[in-house]
Amino acid sequence: MPAPIVLDSDPGIDDAVALQYLLGTGLWDLKAYTTVGGNVPSEQTFRNGRALARAFGIDGGVPVHRGAGRPLTRLPYSAAGEFHGAAGLGTEVLPDSTAPEQTESSTQALLRLSRAYEGELTVCATGPLTNVALALSEDPGFARRVKHLVFMGGAAEVPGNITPVAEFNAWADPDAVDLVVSSGIRYTMVGLDATHGWRFGAKELEILEEAGQDMALTARLMSFYLNAYRADEGCPLHDPLAVGVCADESFVTAAEGTVVVECASELTRGKTVFIPYDADYPREYYVESPLVNARTRHRGRIALGTGPRNFTEDFVDALLKRPGTV
Ligand SMILES: [Ca+2]
């Protein structure tokens with residue numbers, strides 16, 4: 001039976017295809033699509049979320065919620081045009097959902113669903129963690145009611161992509177990530193260490209293009225994204241991989257450890273410092289820093305590379321099962 005999940009997202013092209021992939025897997029009962037500001041400001045991600053719900057045929061059954069207006073303590077980011085297009089979805093102008101606008105915020109929807117599906121609800125976050133952090137601030141019990149949080153963000157042992165040391169989502173709202181990973185919530189961080197390993201290239205684009213009208217929107221989105229990366233090896237599947245890991249960790253290799261996020265410095269803002277944990281060979285880092293040391297009692301799963309199961313193949317297979325229309 002499909003399991004309850006919320007997708008918390010800042011669409012964004014790879015967010016858009018992450019939604020399509022989630023629906024295509026048939027593994028999930030999507031209870032809400034909660035948007036958050038990130039790639040583009042929150043009002044635009046809400047608009048994009050509604051339009052995508054219509055494009056992928058869920059606007060009758062899956063409510064789309066408006067996210068937090070800004071990061072916890074920072075100004076919103078406003079320049080993702082290079083990778084996602086000015087309004088976030090390449091050059092697409094998609095019609096709005098026909099469903100009435102939800103008045104409940106993303107944070108309120110997350111809290112309500114965590115109570116309705118206590119111990120069962122998976123939350124997949126593919127944008128900045130602002131909504132999740134706000135839910136935890138309002139009600140710390142959210143941490144224990146959620147079964148598993150998988151978020152795309154961070155860079156544990158590899159360079160960043162918005163600064164030399166920070167991944168975009170973690171940089172956009174570092175305070176939110178730090179709050180979440182110290183909350184006691186069961187989490188898996190899927191960052192650049194793993195997402196840069198699963199690529200979508202010309203071969204995969206050809207499969208979508210040959211699938212005809214049903215995949216035309218998806219092919220255009222991925223073509224825009226692929227061109228933005230201008231990389232011979234294709235574009236990374238950041239957000240879809242986080243959705244994949246919700247169902248199966250074997251798309252990545254992961255280790256147990258602690259994440260602490262740099263929030264004080266502009267130079268290293270959003271750097272996700274990974275403190276590995278090994279029960280057989282315990283090693284105490286940060287012994288001279290009781291505050292950091294105390295953080296090591298909160299541990300999660302951290303993706304550190306690609307796993308044995310081929311994610312790119314699963315991604316394309318699932319997309320083909322979920323047509324998009326304009
Ligand atoms: Ca995203």
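1. A quick definition before we start: two strands pair if DSSP finds at least two bridges between them. With that in hand, Asp-8 stands opposite Ala-125 in strand β4. Please keep in mind that this is a predicted model.

2. Now the chain as a whole. Its secondary structure comes to 14 helices and 11 strands. The radius of gyration is 18 Å, close to the 20 Å that the globule rule gives for 326 residues, so the chain is as compact as a globular protein of that length. Along the principal axes, the C-alpha atoms fill a box of roughly 60 × 45 × 40 Å.

3. Two further figures describe the packing. Of the 326 residues in the chain, 53% are buried. Among contacts with a separation of 6 or more, 81% are between residues 24 or more positions apart.

4. Because 5 of its 7 residues are buried, β1 is largely enclosed by the rest of the structure.

5. On to the partners of β1. Strand β2 (residues 28–35) pairs with β1 in the parallel sense over 7 bridges. To get from β1 to β2, the chain passes through helix α1 (residues 13–25), and this β-α-β crossover is right-handed. Strand β4 (residues 122–125) also pairs with β1 in the parallel sense, here over 4 bridges.

6. Finally, which residue of β2 is the bridge partner of Asp-8? That partner is Thr-34.

Methods
Residues are numbered from 1 along each chain as its sequence is written. This is a predicted model: local features need pLDDT of at least 70, side-chain atom pairs count only at pLDDT 80 or more; totals for chains, interfaces and linings use all residues. Helices (H or I, at least four residues) and strands (E, at least two) are DSSP runs, numbered from the N terminus. The radius of gyration is taken over C-alpha atoms; the globule rule is 2.2 Å times the number of residues to the power 0.38. A residue is buried if 20 or more other C-beta atoms lie within 10 Å of its own, exposed if 12 or fewer, and partly exposed in between; C-beta atoms are placed from the backbone. Two residues are in contact if their C-beta atoms, placed from the backbone, lie within 7 Å. A crossover is right-handed if, with the strands pointing away from the viewer, the path from the first strand over the helix to the second runs clockwise.
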